[in-house]
Amino acid sequence: MAAGNVNPFNVSDSEEEAEQRQDGANAERSPSDEAPGHSLGPFSPSAYSEPAASLSSNRTSPSVDGIPASAAAVAGIGGAETRVSLDAIAAQLLRDQYILTALEMHTELLEAGRELPRLRDYFSNPGNFERQSGTPPACKDQGVGPGGPLHRAGSISTLDSLDFARYSDDGNRESDERVAVLEFELRKAKENIQALRANLTQAAECEIPSQERKNYKSSPEIQEPIRPLEKRALNFLVNEYLLKIEYKLTAITFSDENDDQDFELWDDVGLNIPKPPGLLQLYRNSGNSLPLHRDTVDVAVGVDPRDLPGDCCIQEPVQQTDIIQRQQQQEVVQELEYQISLLNSEKQSLAEQIKKLQSDIQALQWNVSSDPTATVKSAQCKEDPQLDKTPLDNGQYLDIRGVTDADDTLTTTKTLTSTTTTTDCTDGTTTATPPHNKLKFNTQVKGSVQFDQPNRKLPPAFHQALLSFCRMSADSRLGSEVSRIADGEQSVLLMLGRCLPHIVPNVLLAKREELIPLILCTACLHPEPKERDQLLHILFNLIKRPDDEQRQMILTGCVAFARHVGPTRVEAELLPQCWEQINHKYPERRLLVAEACGALAPYLPKEIRSSLVLSMLQQMLAEDKADMVREAVVKSLGVIMGYIDDSDKYSQGFELMLLSLGDPSERVVSATHQVFIPAFAAWCTELGNLQSQLIPSLLTRIEKLLKGEYGLDEHKLHMYLSALQSIIPSLFAMLLQNAPFTSRAKLQGDIPPIEVTRFPRPASPLQDVATIVGSREQLAVLLQLYDHQLQHEGTTGWDSLLWVVNQFLPQIIEIVGRINVTSSTCVHEFSRFFWRFCRSFGKIFTNTKVKPQFQEILRLSEENVDATAGNGILTKATVPIYATGVLTCYNQDEDRKLLVGFLEDVMTTLSLSHAPLDSLKASFVELGANPAYHELLLTVLWYGVVHTSALVRCTAARMFELLVKGVNETLVAQRVVPALITLSSDPEISVRISTIPAFGTIMETVTQKELLERVKMQLASFLEDPQYQDQHSLHMEIIKTFGRVGPNAEPRFRDEFVLPHLHKLALCNNQQTVESKRIDIATQLFEAYSALSCCFISEELMVNHFLPGLRCLRADMEQLSPEHEVILSSMIKECEIKVENKGIGEAQGSISIAASLVGEDAKTKFLSKMGQLTTSGAMLANVFQRKK
């Protein structure tokens, strides 16, 4: 039962309990009774103050087993009627199994200090709440009725512990009821603990009697001794202060001297005591008049004394209560007297201030015609010389009430003193004023502002109250900003700094870039570093995912900011914003950081450029997963390389270049070639290590790749060669700038224009030699002197050029000779490098310095080819790279003749030496990729067709196979096929056999029917002419060609020509008596049939030619190669199954067609029936019901 409710039993307890109550009345009283104004129990002084006669005699209680409501005694002053004891009521409750009611009664009595032994014994015995056969043990002797289990009753006090999900009509509820009882006891125990904690704290605080405290306060010279609670609190604060200022040894000593206190836990000081501020804050606030905080304590729920029995209301002597109240009143009076003294001192200071302000206002009125604001400033600044300087946001404005006349000066003075920034010399304190008092207007305007004043004599207070009805509000943040008008640039900036953080979140994301100028201007000129930092944070977080245009706007603003504020503030204010966004979840924000690092590089301190910013970009390059972010990082790194001047960072820059080149994204690699490598090469040129470190390092890495034990890594080779290729413009520009004629390069007279095709097209402006040199005019002058120097004066004394000729070229040519000639990728990469190198250095340099070195190595003679080992220089990659990379740089007639002659000589030499043709094939493949060289290659091949040596003619025939794939059909018809037909009638059978692969390639690539018929006729002559019946090598070449071109050739050619002739060749091979020839033909037939088995073959061809040919081949393999015979058997079985399935499929197909026709007919009939239905939806549902 909750305390304070009406007690239905207005009866006394037993005589035994009455004696106990008389003996221990003082002990049961709560210690908090001594606390002024608070009580924790029903026997607090406030409870005793209620007269006993207040208990109403008309309160009734429900009857309990024959105890009528009238049995409740009516307590009065004179006496009491007959009453039922509490012990009898408890016994009745337990007898009737009102367990929860008895429990609440027990709790109420415990709180009142009147415990009943019967209830205590009952509830302390766990056996009373366990499942028994019938009646609880405590109630067996009292005749408890059948059904013994405890029935749970709904109780207001235990409503929070109810679990309605457990209530059901079946099953036992004893466990639930026991849980409810335990929950109730736990909650009451927690409340008791909390009350005891509060009482303990108050008891510790009240150890000194109140009379002694009164004496100490009345006699200030007598110092009040420190209380234990105060001592512990001060010890805790002192220890905390010592630790905060790093006096650790002192703190340790201090804690050792107070070993009875735990300095790590504030609760050890006192329970339910709020922790005060630190010593430093207490010292700073010691001189201020702080509001007095009332002591707060936890108040427990008490019992209304009117609800207790009459004899329970035994009051304490009235004298003791009066003493306590008088002590409390005296303490309050002392506190009020202290406040009055403080207010009097403040009043005196304000009176002096009012006098000074009155004199200032009078002076202002006397000099109103000259400069009223200056007078106020001068008069007030005399009081404080330190305030001569005008603050940044002086905010001078006057109250809108103005000054009515000379009699209103006092009112005006009060208004001025109540504002925050009235004049330049005012302080920053603020006092509460009505809303319209806070509306200010600027007084610093040209001339004095005069307002017409009414000829009225209303009191200022009336004016003030009247103006309060004007609906103006300055209490809010926005109202205070609107109420004042800035008086200068600084005030505007401060106002913007305050307002922009509130404006930005309310602007649409798509339009927030319009705020960039405003934010940047304010951040640039604002005087407060904290506000500037907040504004720059807003700038970088302005747009959630800024697009390209928005990022450009932000970067433009950042650059403008950097130009205005200088490197120190850029480092201190902008870079931290970039650092915060480096790991942002949105790639657009990280992209903004990467771009900002490059854009701000020119405006940063050089130490920061080469350390912090470089490290930030390196981290993003290595860790960021977005390609566009790494691309921007590489570009920014290029910008950094253009401004860095710390030579120790060269190795880091080289590693960054390799890391960028090895990036998996093509965008990043492209940015590396366009921006980073040219910038890095320019820095290396300034350092003087372009030729001494950068290029040799790349060549060394290429050589290591070629020596690798696990094969050549073509990706890394491409990476290093492409880097060298991007460095070529910087290398050539360095040669021009370090040439002997550089001092003679004058921009005067007619400057010859540079040919458009003089240099290869640069990948970016940074790879343009004119950009590297300075201008196109300067480059034109240098080129003219360069060609003249090479042609007439030589290279004596030209160290940079001599390094290229004597060290770089020989090393790179040696590397070329070591690469694998069959790797088309390597050949192509080196070919492109030499082409760009020769085009950049010019024709004269190529003819006089590059070609002689290749020609020295490629001595075209038969002695230069090792036919047995096949490792002559003509069989290496040097041949195709020289032909495609050096001889194709210039396309004049003499250059083309030189290329044709070189290829003819190579073809002749290799053919006559019986050397491998890989180098010649590589040359044809590389040149054949460019249609401009098709005619030239056909010219070379025609030279081989008409050559006197059969070996050369065989080589020419095989080269046609490589050329046919890239040549258009017109050239094939006009130049290739006639040459092949000429060779097919050559006297030498080897020459005729060499034409077969070329004919097969034509059948594979050409679509003209006439051309295909000519080729078909020529191949048929090879197969059907009796003179070729015993030509084993011819049959081998034809079968090999059929297996290669059959799957890609025209189906008609495959069905009518290839498969029938393969069948004939398989039959003939069964009759071959020479075992070696038989196994050779069988092996080639196996390869051909394996390739053709993947093609679509009709059933007729399968039955007539393909399966018979396979069976013939299996007959050969049974004797010659049993492992092949197993594979052939499975192939034959699969083909037979396919043939059978086709027959079954056709039969099933006809049946399925008939079935589908029947199904369509049924569907049509059903839909027609459904369309005829005109009934409602309810009737339509009946259509699908089963018949009963």
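Visitor: Which residues of α38 and α39 make the contact?

Guide: From α38 they are R953, A957, F960 and V964, and from α39 they are V972, V976, A979, L980 and L983. Contact means heavy atoms within 4.5 Å. These residues divide into eight nonpolar, no polar and one charged.

Visitor: Before we go on, where do the numbers come from?

Guide: This is a predicted model, where local features need pLDDT of at least 70 and side-chain atom pairs count only at pLDDT 80 or more, while totals for chains, interfaces and linings use all residues. Residues are numbered from 1 along each chain as its sequence is written, and side-chain values use heavy atoms, with hydrogens and water left out.

Visitor: Okay, and how many helices and strands are there in the chain?

Guide: The chain has 48 helices and two strands. Of its 1188 residues, 42% are buried, meaning under 20% relative accessible area, with exposed over 50% and partly exposed in between (1.4 Å probe, protein chains only). Also, among contacts between residues at least 6 apart in sequence, 70% join residues at least 24 apart.

Visitor: How many residues of helix α41 are buried?

Guide: Eight of the 10 residues in α41 (residues 996-1005) are, so call that helix mostly covered. The buried ones are I996, P997, A998, F999, G1000, T1001, I1002 and M1003. They pack against several helices, including α38 (950-964), α39 (969-984) and α44 (1051-1070).

Visitor: New topic: how many salt bridges does a search of the whole structure find?

Guide: It finds 25. A salt bridge is a side-chain nitrogen of Lys or Arg within 4 Å of a carboxyl oxygen of Asp or Glu. One of them joins R551 and D548, with the closest N and O atoms 2.2 Å apart. Both residues lie in helix α20 (residues 548-565), three residues apart, about one turn of the helix. R551 is buried, at a relative accessible area of 5%.

Visitor: And which residue forms a salt bridge with E961?

Guide: That's R1044, with 3.7 Å between the closest N and O atoms. E961 sits in helix α38 and R1044 in helix α43, so the pair ties together parts that are 83 residues apart in sequence. E961 is partly exposed at 23% relative accessibility, and R1044 is also partly exposed, at 31%. Elsewhere, R532, R569 and E573 are linked in a network of salt bridges.

Visitor: What about E904, is that one buried or exposed?

Guide: E904 is buried, yet has no salt bridge. The nearest side chain of opposite charge is R975, 10.0 Å away; Lys and Arg count as positive and Asp and Glu as negative, while His and the chain ends are not counted.

Visitor: So which residues does E904 touch?

Guide: Leaving out residues up to four places away in sequence, E904 touches T939, V940 and Y943. E904 itself is found in helix α35 (residues 893-912).

Definitions and conventions:
Helix = DSSP H or I, 4+ residues; strand = E, 2+ residues; numbered from the N terminus. Nonpolar A, V, L, I, M, F, W, Y, C, P; charged D, E, K, R; others polar.
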